[in-house]
Structure formats: structure tokens, C-alpha cells
Amino acid sequence: MIANEGMGRVRTWYGGLTERERWLVAVAAGLAAAVILVFGIVLPLGRAHDAAHVRHAAAVEASSRLLAQLAALEAPAPQRSVLAGPVAQVVASSADNAGFVLQSNQPRGNDATLIVIPTARPSGVLAWIDSLAEQGVVLESLAMTPAADGSVSVNATLRRSGA
């Protein structure tokens, strides 16, 4: 009942306006409706849609990492060869085969060595260090210093696995 009275008052008010005033009120109502539609519905829905895409991409990435970790757990452990000879010799030979120039290879007994590679690609050097684990050599410490050309200089201490 109250709503009918309110609508009746609006109709009476609108009926009392001149034709020009009615036209201006209609334009103002149309502009208000457009503003409400854009800022109240379209933009919030667009932001929600974009946020859903970001959450989905993060979930897909997390899922793929989890699946890769599960596959790694299910895979048989690689057979590691027994390290024959001093670590410094094994590292020097492996670095030469991988195409790295060792500026320094300072043995620390038979079980460890300190190497310096003056310039190398970061991804290549990290892959090489990772491949040393198959030969029974593990990384103890690593310092990589970036250069302006995208290469790095590497100072690393490597030791016999289990030593």
C-alpha cells in the first residue's frame, strides 16, 4: 500500500512537469541507469572474471608442480656411480666435457674442491652442477655473481657425496 502511494506521488509530480522538464528527467534517469550499470554491474563482474582467471592459472601451476613431484616420488632412484679418484679430477674432467673453463680448481683433500668459473650461462652451469650428483659429487656452497651480458661467474665448493 505504501509503495502505491509513493508511486502515485511520483506520477503526480511527473505529470506536473513541462514537456522540456520531462525530457530532462528522462535523460537524467537514463544517465543514472548507465552509470549504475557500468560501475555497479559490468566493472565488478569484469574484475571478478579477471581474478578467477588468475586463481585458475595459479591452481593449474600448483597442480602441475604437485603432479611432477608425485611423478618424481614414484620414479625409481637413479643409480649413482661410485666416485673414482679425487673430487678435483672428476670435477675438472666433467667441466671440460661440459665446455666450462675452470679458472681455478683448488683441491681440499681428496673429498672436496673449490672451483672458479669466470664466465658461464647460469642455466648451463646449474644443470652441470646438478649432473655432477650422478657422478657422486654434491654442491656444498655456491656463489654466483651476475655480469652485465647475462652471464655469471661461479665460485663453488663441491664435495664427495656422503663425505
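**Entry 1: Ser-94**

I looked up what Ser-94 touches: Trp-128, Leu-132 and Gln-135, leaving out residues up to four places away in sequence. I count a contact when heavy atoms lie within 4.5 Å. Ser-94 sits in helix α3, residues 87–98. Helices (H or I, at least four residues) and strands (E, at least two) are DSSP runs numbered from the N terminus. I list Ser-94 as buried because its relative accessibility is 8%. Buried means under 20% relative accessible area, exposed means over 50%, and partly exposed lies in between (1.4 Å probe, protein chains only).

I note that this is a predicted model, in which local features need pLDDT of at least 70 and side-chain atom pairs count only at pLDDT 80 or more, while totals for chains, interfaces and linings use all residues. Residues are numbered from 1 along each chain as its sequence is written, and side-chain values use heavy atoms, with hydrogens and water left out.

**Entry 2: aromatic rings**

I searched for aromatic pairs and the count came to one. The pair is Phe-100 with Trp-128, tilted, at 5.5 Å centre to centre and 50° between the planes. The rule takes rings of Phe, Tyr and Trp (its six-membered ring) with centres within 6.5 Å; planes under 30 degrees apart are stacked, over 60 edge-to-face, and the rest tilted. Phe-100 is in the loop between α3 and β1 (104–107) and Trp-128 is in helix α4 (residues 122–132), so the pair ties together parts 28 residues apart in sequence. Phe-100 is buried, with a relative accessible area of 14%. Trp-128 is also buried, at 4% relative accessibility.

I also found Arg-22 over the face of Tyr-14, 5.7 Å from the ring centre. The test asks for NZ of Lys or CZ of Arg within 6 Å of the ring centre and within 35 degrees of the ring normal.

**Entry 3: the core and α4**

I looked up the largest nonpolar core, which has 17 residues; Val-91, Phe-100, Ile-115, Ile-117, Val-125, Trp-128 and Val-137 have the most contacts inside it. Such a core is a set of buried Ala, Val, Leu, Ile, Met, Phe, Trp, Tyr and Cys residues joined through side-chain atoms within 4.5 Å. At least two residues of this core come from each of α3, β2 (112–120), α4 and β4. Beyond four places in sequence, the contacts of Ile-117 include Phe-100, Val-125, Trp-128 and Val-152.

In α4, I find Gly-124, Val-125, Trp-128, Ile-129 and Leu-132 buried. They cover an arc of only 130° around the axis, which puts them on the same side of α4. The arc is taken from the directions from the helix axis to the C-beta atoms. The cover over these buried residues includes α3, β2, β3 and β4.

**Entry 4: strands around β4**

Which way do β3 and β4 run? I find that β3 (residues 137–146) and β4 (residues 152–160) run antiparallel and are joined by nine bridges. Strands pair if DSSP finds at least two bridges between them. Val-137 has Arg-160 as its bridge partner in β4, and Pro-146 stands opposite Val-152. The two strands form a hairpin with five residues between them, and Gly-150 in the turn has a positive phi of about 95°.

β4 also pairs with β2, antiparallel, over seven bridges. There Thr-113 has Leu-158 as its partner.

I ended on Thr-157, which is in strand β4. Thr-157 counts as buried because its relative accessibility is 15%. The residues that Thr-157 touches, beyond four places in sequence, include Thr-113, Leu-114 and Leu-139.
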